[in-house]
Amino acid sequence: MRVVTWNVWWRFGPWEARQKAILSVLRELRPDVVGLQEVWAAGGENLAGWLADELGLYWAWAPSPAPERWRRRLPEGEERGVDIGNAVLSRWPVIAQETLLLPVPDDLADGRLALYARLAAPACEVPFFTTHLTSAPGASAVRQEQVGSLARFVARHKGDTPFPAVVTGDFNAWPDSDEVRLFGGYKTSSAVPGQVLLDAWEYAEPGAPAATWSAENPYAARLLEPSVRIDYIHVGPPGPVGEGHVRAVRRAGHGPVDGIWPSDHAAVVADLAMP
C-alpha cells in the first residue's frame, strides 16, 4: 500500500500552475492513499475533489472552521469564500470519517484539524488519519497538547482491524522535538499509555535526503529557515502477518515540474505491507 503525505500550500503563489504540478507528481507516484494538508475549496470547486477525479480515487474533506486568518494572507480580492482544510484521497471507499479540532490558544487559533477516514481495502480495513499542527516556531508546548489530543483520537478509532493506524501530516516540528517524540511513544513516554506510532522514516535508506522544508525550494527559501523534515507518516506496530510494515520510504515532489515547484513542502512516500 503506497501512502503519501503532502502539504500543498493552499492558494499561495502560482496556485493554478502548481495544481497541475501536484497532479503530475501524484500521477507518477500512483498512491493508494494520500493525506493532504492546506487543501483549498472555493466556488463549488475543491482541489482534493479535482485530484480524486483526475486520479480515479475516492476522497474525504474536512474544512477548517476558522479560515479567516488564512484568507487575510491572500491578495486583496482573492480571499473571499476560499476555504482551507485537510483531505484524504483513497483507492478504496471511505466508509467512515470524523474530524478533530486541535486544541490551541486564542492567539494562534486558525482552525487546524485532524481528519480520520476508515478505508475499505480488500484485505482489511485501514484506519487512516491526516493532520496539520500549528506552525508558530516557539509553540512546541501547543504542539505537544495537539499531539496528545491526536493520539487519543487515533486510539479511539483504531477499531477491530489487523492493519495498524496510519497517521500522516505536517507536524511543523523537527524529528527530535518533544512533540514528535511524544506522539511516537517509543523514545519517551507515550501520549496514550502503551500506544506506539513509528515514524516511517526510521526505515529510510541511510543518508537519504530527508528535508521536506528545504532551502532548495524557492518558496521555502524566502523564509531563511533551516532545511529539516517536518512532514511525517507514522504507523502503528505491524499486524499479525506483517500488515503495515514499512518496506520503503522516501521524499517526492522535491523539485520543479515543467519549471514550477508544486508546493513549498516536499511530500513523503511510504510503501506499507498489505496482505
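Predicted model: local features only at pLDDT ≥ 70, side-chain atom pairs only at ≥ 80, totals over all residues.
User: Why is the pair of Trp 9 and Phe 12 called tilted?

Analyst: The ring centres of Trp 9 and Phe 12 are 5.9 Å apart, and a pair requires centres within 6.5 Å. Their planes stand at 50°, whereas stacked needs under 30 degrees and edge-to-face over 60; the pair is therefore tilted. Both residues are buried.

User: What makes the pair of Tyr 116 and Phe 153 edge-to-face?

Analyst: The planes of Tyr 116 and Phe 153 are 85° apart, and the class applies over 60 degrees. Their centres are separated by 6.5 Å. Tyr 116 belongs to strand S7 and Phe 153 to helix H4, so the pair ties together parts that are 37 residues apart in sequence.

User: How do you know that Glu 243 has no salt bridge?

Analyst: The nearest side chain of opposite charge, Lys 158, is 9.1 Å from Glu 243, while a salt bridge requires a distance within 4 Å. Therefore none is assigned, although Glu 243 is buried. Glu 243 is located in the loop between strands S11 and S12, and its contacts include Pro 162, Phe 163 and Ala 273.

User: What is the distance of the charged end of Arg 11 from the ring centre of Trp 40?

Analyst: The charged end of Arg 11 sits over the ring of Trp 40, at 4.7 Å from its centre. Arg 11 also lies over the face of Trp 15, 3.7 Å from that ring centre.

Methods: Residues numbered from 1 in each chain as written. Heavy atoms only, no water. Helix = DSSP H or I, 4+ residues; strand = E, 2+ residues; numbered from the N terminus. Buried < 20%, exposed > 50% of the residue type's maximum accessible area, 1.4 Å probe, protein only. Lys, Arg positive; Asp, Glu negative; His and termini not counted. Contact = heavy atoms within 4.5 Å. Phe/Tyr/Trp six-rings, centres within 6.5 Å; stacked < 30°, edge-to-face > 60°. Lys NZ or Arg CZ within 6 Å of the ring centre and 35° of its normal. Lists of a residue's contacts leave out its neighbours within four places in sequence.
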